[in-house]
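Here is a short note for a colleague who is opening this structure for the first time. Please keep the viewer at hand and go through the points in order.

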Amino acid sequence: WVNRRGHHYEAELQLSPIKSYLGGKYSIPGHDPVTEQYALTANYTLQSYEDQDFERIAVGGLFQQEIGQWLRIYSLNLQYEDYQIGNEPRTSSFLIIPGLNWTWVNADDRLFTTHGVLFGFEVRGASTALLSDINFVQGLLHLKWIYSLNEDNRFIVRGDLGATAIREDFQKLPASLRFFTGGDASVRGYAYNTIGHTDDDGKVIGGKNLLVGSLEYERRVWNNWGIAVFVDSGDAFNGAAPEMKTGAGVGLRWRSPV
């Protein structure tokens with residue numbers, strides 16, 4: 001906390017051989033401090049992984065508002081990115097990106113949901129008429145549904161759908177704005193960002209579009225311990241026809257007290 005008017009700041013540091021992040025956020029309560037907030041943000045991201053390398057600096061601001069079960073975020077970010085993917089030449093871009101992110105949640109318990117639905121959508125873009133290097137529009141839909149048969153058994157369904165329209169050549173779309181999938185939060189059984197459109201040498205360079213779906217069954221077996229079985233499928237692709245990659249597996253779950 002900074003002062004008695006409710007101003008506060010946050011700082012975040014993540015270090016990894018694959019991707020590192022340093023960010024800061026200064027928040028100011030809005031007219032209704034319970035439901036409204038303004039914020040100034042700044043962050044630095046460095047990724048070095050499987051010919052998907054980029055360095056990004058971004059500053060911006062946002063307005064956040066809660067109305068009923070909706071969380072609405074309107075943002076404006078200035079971003080400079082230096083990147084190289086696959087055999088593409090190393091290049092850089094400057095973008096001014098306005099965006100919105102609306103999320104609707106109806107859940108009986110936010111910490112451990114037994115019955116709930118999450119629906120969210122994001123829209124962002126840039127234009128050369130507003131001093132950006134390229135013209136693009138990108139949209140994302142998120143869906144998650146949780147249904148419990150009883151205290152010990154529940155189903156979890158999730159899906160993500162994304163699409164990008166870009167006037168210039170696809171190579172001019174920065175690495176951080178391309179779609180990839182694969183990894184523990186998307187298509188399990190595949191390594192991080194190893195699913196996507198490939199170049200002539202078979203290297204994954206990301207895609208304009210995204211389609212991911214998952215079905216999971218979880219059963220509590222003892223106290224806070226449980227097991228889960230799942231099937232995930234998805235692709236990041238160009239064009240209209242994805243080549244879905246599917247992974248299935250089993251997991252051990254522990255419900256943390258925090």
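Predicted model: local features only at pLDDT ≥ 70, side-chain atom pairs only at ≥ 80, totals over all residues.

1. Start with the overall fold. How many helices and strands does the chain have? There are zero helices and 12 strands. Read from the N terminus, the order of elements is β-β-β-β-β-β-β-β-β-β-β-β. The C-alpha trace spans about 55 × 55 × 35 Å along its principal axes. The chain has 258 residues, and a compact globule of that length would have a radius of gyration near 18 Å; the value here is 20 Å, which agrees. Of the 258 residues, 39% count as buried.

2. Two arginines sit over rings. R255 lies over the face of F112, at 3.5 Å from the ring centre. R188 lies over the face of F230, at 3.8 Å from the ring centre.

3. Turn to the aromatic rings. A pair of aromatic rings is described by the distance of the centres and the angle of the planes. A search of the whole structure finds 10 aromatic pairs. One of them joins Y38 and F63, with 4.9 Å centre to centre and 40° between the planes, and it is tilted. Y38 belongs to strand β3 (residues 36-47) and F63 to strand β4 (residues 52-67). The two are 25 residues apart, and the pair links distant parts of the chain. Y38 has a relative accessible area of 42%, so it is partly exposed.

4. A second pair has another geometry to check. Why is the pair of W70 and F121 called edge-to-face? Their ring centres are 6.4 Å apart and their planes stand at 75°; an angle over 60 degrees counts as edge-to-face, so the pair falls in that class. W70 is in strand β5 (residues 70-85) and F121 in strand β7, 51 residues apart, and this pair too links distant parts of the chain. W70 is partly exposed at 25% relative accessibility. F121 is partly exposed as well, at 21%. W70 and F121 belong to one aromatic cluster with Y74, W102 and F119.

5. Two asparagines deserve a look at the backbone. Most residues other than glycine have a negative phi. N193 has a positive phi, near 60°. Its place is the loop between β9 and β10. Is N193 buried or exposed? Its relative accessible area is 10%, and buried means under 20%, so N193 is buried. N223 also has a positive phi, of about 50°. N223 lies in the loop between β10 and β11. At 46% relative accessibility, N223 is partly exposed.

6. Two places remain for orientation. L15 is found in the loop between β1 (8-14) and β2 (19-29). Its relative accessibility is 71%, and exposed means over 50%, so L15 counts as exposed. L15 and L46 are 31 residues apart along the chain, and their C-alpha atoms are separated by 9.5 Å. G139 is in strand β8. With a relative accessible area of 24%, G139 is partly exposed.

Conventions: Residues numbered from 1 in each chain as written. Heavy atoms only, no water. Phe/Tyr/Trp six-rings, centres within 6.5 Å; stacked < 30°, edge-to-face > 60°. Helix = DSSP H or I, 4+ residues; strand = E, 2+ residues; numbered from the N terminus. Buried < 20%, exposed > 50% of the residue type's maximum accessible area, 1.4 Å probe, protein only. Lys NZ or Arg CZ within 6 Å of the ring centre and 35° of its normal. Rg over C-alpha atoms; globule rule 2.2 N^0.38 Å.
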